[in-house]
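Notebook open, model loaded. I'm jotting down what I looked up, in the order I looked it up.

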Amino acid sequence: MAMNLLCNVQTCRKPLTGTLWVTKCSHSFCEEHAKALSHKNIKCPACNTLLGKRFDVIRQNSNPGEDFKSMLLVGLRPEIVFDIAMRAISFWNYQVEMELKFQSNSANHLFDASEKAKNHQATLIKQLASAKRTIEGNEKQINDQKSIIKHLKSEISYRDQHLKKVQNLLLITKSKSPDTHSESTDIHLGERNGHDAVKKK
């Protein structure tokens, strides 16, 4: 798959498939970001190289026609053609090198972000495990408290029943006490009357 040049503005990186602008410092730009290059003594948006001469910035067509390719270097000596070709290839090599560097930096950033995410995930897993142990401990304490409460309720119920029995016995005893006292009084009175009768005789 053929590689396309990209706009060298980092926030753009638009593929340059038609018209593009190239600089003597081996950078390429799209039409939108090349507008600033039309002024004199402008600096390259990518490296701040001063671009003040006529051929420091030129407009190119990335897909020239056959007629253009047939006539572009016609009449030039082979060494000049070779020199031009070498400079053009050097431009491409620099662009490829920059792209590889960009992709490498992007991969490193992604790797670092991935490692941070893994570390964060490991920390979260530890925190979740700790929270789980805490919850399990709390649940055990709650169950223990429930058992104690259940035992206390049973004890209270037993004591309440025992208290009711005692109260019932007291009520029964209390209800019988007046009759017993009356019978005892009658007996004593009978005995006393008997003694009095004996004395009179």
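I started with the surface: the accessible area of the chain comes to about 16800 Å², and 58% of that belongs to carbon and sulfur atoms. Areas are Shrake-Rupley with a 1.4 Å probe, and for residues only the protein chains shown count as cover. Of the 201 residues, 12% count as buried; my cut-offs are under 20% relative accessible area for buried, over 50% for exposed and partly exposed in between (1.4 Å probe, protein chains only).

Ground rules before I go on. This is a predicted model, so I take local features only at pLDDT of at least 70 and side-chain atom pairs only at pLDDT 80 or more, while totals for chains, interfaces and linings use all residues. Residues are numbered from 1 along each chain as its sequence is written, and side-chain values use heavy atoms, with hydrogens and water left out.

**Fold.** I find 3 helices and 7 strands, in the order β-β-β-β-α-β-β-β-α-α. These are DSSP runs numbered from the N terminus: helices are H or I with at least four residues, strands E with at least two. I also checked contacts (heavy atoms within 4.5 Å). Among those between residues at least 6 apart in sequence, 46% join residues at least 24 apart.

**Core.** Which residues touch the most other members of the largest nonpolar core? That core has 15 residues, and the answer is Cys-7, Leu-16, Phe-29, Leu-37 and Leu-51. A nonpolar core here is a set of buried Ala, Val, Leu, Ile, Met, Phe, Trp, Tyr and Cys residues joined through side-chain atoms within 4.5 Å. Leaving out residues up to four places away in sequence, I see Leu-37 touching, among others, Trp-21, Phe-29, Ile-42, Leu-51 and Val-57.

**Asn-8.** I looked at this one in the loop between β1 (5-6) and β2 (15-16). Asn-8 counts as buried, at 11% relative accessibility. Its side chain reaches the backbone nitrogen of Ser-28 at 2.7 Å and the backbone oxygen of Leu-6 at 3.1 Å. Beyond four places in sequence, the residues Asn-8 touches include Ser-26, Phe-29, Gln-95 and Met-98.

**Positive phi.** Most residues other than glycine have a negative phi, so I noted the exceptions. Ser-26 has phi near 70 degrees; Ser-26 sits in the loop between β3 (19-23) and β4 (28-29) and is buried at 18%. Arg-13, in the loop between β1 and β2, has phi near 55 degrees.

**Salt bridges.** I count 10, taking a side-chain nitrogen of Lys or Arg within 4 Å of a carboxyl oxygen of Asp or Glu. In one of them, the closest N and O atoms of Glu-31 and Arg-59 are 3.4 Å apart. Glu-31 is in helix α1 (residues 31-34) and Arg-59 in strand β7 (residues 57-61), so the pair ties together parts 28 residues apart in sequence. Glu-31 is partly exposed at 35%, whereas Arg-59 is exposed at 52%.

I also looked at helix α3 (residues 78-200), where Glu-115 and Lys-118 lie 3 residues apart, about one turn. Their closest N and O atoms are 3.9 Å apart. Asp-144 and Lys-140 meet at 3.3 Å, N to O, being 4 residues apart in helix α3 and separated by about one helical turn.

**Patch.** Last entry: Met-3, Trp-92, Val-96 and Leu-100 make a nonpolar surface patch of about 350 Å². Met-3 comes in the segment before β1 and is partly exposed at 37%. Patch residues have over 30% relative accessible area and no salt bridge; like charges are joined within 9 Å, nonpolar side chains (Val, Leu, Ile, Met, Phe, Trp, Tyr) within 5 Å.

Notes
A polar contact is a pair of N or O atoms within 3.5 Å; within protein, one must be able to donate a hydrogen and the other to accept it, and residues adjacent in sequence count only if both atoms are side-chain atoms.
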